[in-house]
Amino acid sequence: NSTLRDLPYSRMRQLLILSIFLPLICANGIFSHIFDDLDQMYDDDFPAVRPIRPVERTSKYMRRVSTSDESDEPRIVKSSPVRAFSSDSGFRPRSVSSVDQSVGSPVFKFLDTAQDLFSNLFSMFPAREFTVSVDRPDPEDIRSRLREKDDTDKEGSGETSVNAIRPLNDDELRLEDVKAKAVDRFASFFEKIGASAFANSHLTGPHICVRELNKKVLEPSKTKKSFRECKRFEKAVRCIERQTDKKGGLESTRIQECCDGFDTDNISDEGCNRESLVMSARDVLSLANSSMVDLLDELGLASVLDGPEKYTIIVPPNAAIERIQRSSYTELRNLLSNHILDGDLRDYEMVDGSEFSTQANSSVTVVQRDIDGRQKTLVNCVPLTTTNVRTSSGTIHHVSDSIGLSSSTILEYLEESNRFKTFVSLITPDLERKLRSTDGEYTVFAFSDGAFAALSESVRTNIISKSACVKDLIINHIVNGTICSSQLEDRTVTSLGGEDLRVHTMVGANDTHMVHIGTAKLVEPDRFTSNGVVHVIDDVILLENLLTWRDHLLTFNEPLLTALSSLSMDSEPLTIFVPPYNSSMGSLDMDVFALNHVAENQLVLNPTENQNVTTVTNSTFFVGLYKNRSPISVRINSDSALYRTRPVIGCSRIVNQSIHACSSVLHFIDKPLPIIEGDLKWLFSTRQDLKRFHALWKASDVVELMDTTSPITVFPPSDDAMSRNQYNALLKNTTMINQFVRRYIVKGPLCSFDLRTRANEIKYDLIPNEADEILKSDTFDGELHINGARVQEEEIVLSNGIVHILETPILNVERSRSMPISFSDILGLTTRMLSK
């Protein structure tokens, strides 16, 4: 506010106007494109690509453009050593002035003004990158399909037509025209937004020149397609505009770069702000203290430094040159020739995925990726460090390492290495054809024989025999396209088998970055070939769904695996509940214990749905995520495992992430599952110490809860807790029976971890029961109490509920409709909080 008060009145007025009209200017600038060139909207003959309009202005900021749309060859536009597009308001790349303004002249004048302002607004952001792709329907194509459909319908109905193709009547054509043009116009709206951004993605600054290349696109498309893309490089901005239809199309490339004699470090921010002397390639390399000059002279390749022809020289660092100098004369000459390309190529003239021949009769592949809004270029996965050093004999690029000769194919590289015998033996004939052909490009994560030998014997046996789910193991080590290691940081790639492979980067000692794909680490990245790249990894990519439950249990619970392996477990799929490693040791029969943790079929736990599962021993458990949170609840503990954020099976909580193995699912639980023999009705009919509560429950109005399918919790007092007089008095009064029984029943399962207060935990729960009362649980000296009544037998898990047997009846209860927390409650809670 103090800053605003210090501003002069005129400046405050400008800020106010700007804040009001800037959104309107943006909106009108966009929507004005809808009305732009309305006279051409209904002209089917207008060209698919509108050439940039010739500019006849003689201002020093403008270029002269001569268009020639008939030429099939790229067209280079000569330009003056100044900016290609100016932010001068007199120049408007796209305008609504072409619309007939005889009607609604004030409106069109306003839109024209808004268009000017909108164009100038784009010039405030000269270094934007964007890609716009629009697929527009062809109205004539729609009409043709409708005619064919109409004729087909007539043939199917047996009706004969005089003509082979019946023309639609005027009303039908008019309706289809309206539909097609409506869709076309909607697509045109997005197309024109991209056109505006394309036309205004110009650079501002001194000594920037523009080249334009136009070429015809021979490949037709069924629908009208528009594509616009701008990429920013360190020393140029390249924009490509392509529009195609069923007759082909036209592609225009516009490159904004420094004019001859000028250079820059950042053309987007600085323009071409310094003069540059063009020297010979020999002088440039000599000034850079590169040992490559002497090596080229020794090998008889000095003509690329001094000759009249243009070359592109890729210069590795001196350390890399010294390393390759140990090679033989012939090999060294081939290696060095592999760094020389015919022609004068700058990095922004290269396109991602393009290939260029070298003097070694080999080829190099270009990979480009975006880093912080700027394109970085890699040649055979080796990044360019310093780019576009102009010389009298071409262009020099510096790279971070030497570029090795590409092997013929991926498969030949793997076969010649003799370290990937197992990997090669697992390649199927279909994959062999792909990896040996140069038609496609692939990225292969190849494990060595040593990495394969480190696997367990059972896994190796399954892989070699191609059994179970690992029969397609190799296909999940191959990805479409060429992906360099520098492109693998923290992303997901999809294998040929359709599996998503998670790639992440770990920082090691000395700030080294190690790329991992799954559990495997890239130890020899970027082994380039003629049809892709090979990354050598130190482990086999074994996705969890490729391993069997036996492979996983070998890692997580070997005693359980030993017990299950001795049994007949051939019926798959299976669901296995895996307790902690040491919990399988107990006095129970190990076979019964193991089978009690196995269920047939695959059980996928859905937290939003509660369900039941029956194990092989016929123990039935309720499974689900039951959030028994009372209306007033306080539970504070640093251990998040105390809260129900994952499903439970019985009173065993699901911990960690479940594993979907081959034909099985493994769920990890925090404690073993008990043997369950029945439900609530079974328990109360067999327990001799619960006969009185059982009789009262059968006489109450909630007797149906004994057969409930949704789990409940019951806190029955034992027979010793009730005197004979109290029991007889209850039997004589139905109302008292209902109130008494409802008091001890709670909807939903409450396990011990729901009721007990852990060490260093603040817990206060109010649990509503079926009698519309409030129950409270607390822990004193390690014993659980419910409203002051001690629990003498805790957590009896049944198929449809949980039972906690009380030592005494519950006496002190509050109605849930009354004040749930009294002052004494708050005081007691505060005291317990302070005492922790």
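This report describes the fold, sheets, helix packing and cores of one predicted protein model.

## Basis of the model

The structure is a predicted model in which local features need pLDDT of at least 70 and side-chain atom pairs count only at pLDDT 80 or more, while totals for chains, interfaces and linings use all residues. Residues are numbered from 1 along each chain as its sequence is written, and side-chain values use heavy atoms, with hydrogens and water left out.

## Overall composition

The protein chain contains 26 helices and 39 strands. Helices (H or I, at least four residues) and strands (E, at least two) are DSSP runs, numbered from the N terminus. Of its 836 residues, 47% count as buried; buried means under 20% relative accessible area, exposed over 50%, and partly exposed in between, with a 1.4 Å probe and protein chains only.

A contact is defined by heavy atoms within 4.5 Å. Among contacts in the protein chain with a separation of 6 or more, 64% are accounted for by residues 24 or more positions apart.

## The seven-stranded sheet

An open sheet of 7 strands has the order β16-β15-β21-β20-β19-β18-β17, with mixed pairing. Two strands pair if DSSP finds at least two bridges between them. At the edges stand β16 (478-480) and β17 (491-494), each with a single partner strand, so one side of each is left without a neighbour in the sheet. On average, neighbouring strands of this sheet are turned by 35° against each other, direction ignored.

Strand β18 (residues 500-507) pairs with strand β19 (residues 513-517) in the antiparallel sense over 5 bridges, and V507 has H513 as its bridge partner in β19. Helix α13 (residues 410-417) lies across β15, β20 (520-529) and β21 (532-537), and runs at about 35° to β21. Such angles run from 0 to 180 degrees between N-to-C directions, and axes are lines fitted to C-alpha atoms, for helices over the stretch in contact.

## Nonpolar cores

A nonpolar core is a set of buried Ala, Val, Leu, Ile, Met, Phe, Trp, Tyr and Cys residues joined through side-chain atoms within 4.5 Å. The largest such core has 42 residues, of which F423, F447 and I517 touch the most other members. Strand β15 (residues 442-447) gives the most to this core, with 5 residues. Leaving aside its neighbours within four places in sequence, F423 is in contact with L414, V444, F445, A446, F447, I474 and H477.

Another core, of 36 residues, lies apart from this one and includes V746, I786, V803 and I805. Residue I796 lies in strand β37 (residues 789-798) and is buried, with a relative accessible area of 14%. Beyond its neighbours within four places in sequence, I796 is in contact with L683, R687, G801, I802, V803 and I805. I796 and L683 are 113 residues apart in sequence, and their C-alpha atoms are 9.4 Å apart in space.

In strand β22 (residues 574-578), 5 of its 5 residues are buried. L574, I576 and V578 point one way from the strand, whereas T575 and F577 point the other way.

Strand β22 pairs with strand β23 (residues 598-600) in the antiparallel sense over 3 bridges, where T575 has A599 as its bridge partner. With strand β29 (residues 664-669), β22 pairs in the parallel sense over 5 bridges; there the bridge partner of V578 is F668.

Two packed helices are described by the angle between their axes and the distance between the axes. Helix α22 (residues 691-699) packs against helix α24 (residues 734-743) at an angle of about 115°, with their axes 9 Å apart. At this contact, F693, L696, W697 and A699 of α22 meet I737, F740 and V741 of α24. By class, the contact has 7 nonpolar, no polar and no charged residues; Ala, Val, Leu, Ile, Met, Phe, Trp, Tyr, Cys and Pro count as nonpolar, Asp, Glu, Lys and Arg as charged, and the others, Gly among them, as polar.

In helix α12 (residues 329-337), the buried residues are L332, L335, L336 and S337. Their cover includes α9 (292-298), α11 (318-324) and β9 (340-342). A319 lies in helix α11 and is exposed, with a relative accessible area of 54%. The C-alpha atoms of A319 and S291 are separated by 9.5 Å, and the two residues are 28 residues apart along the chain.
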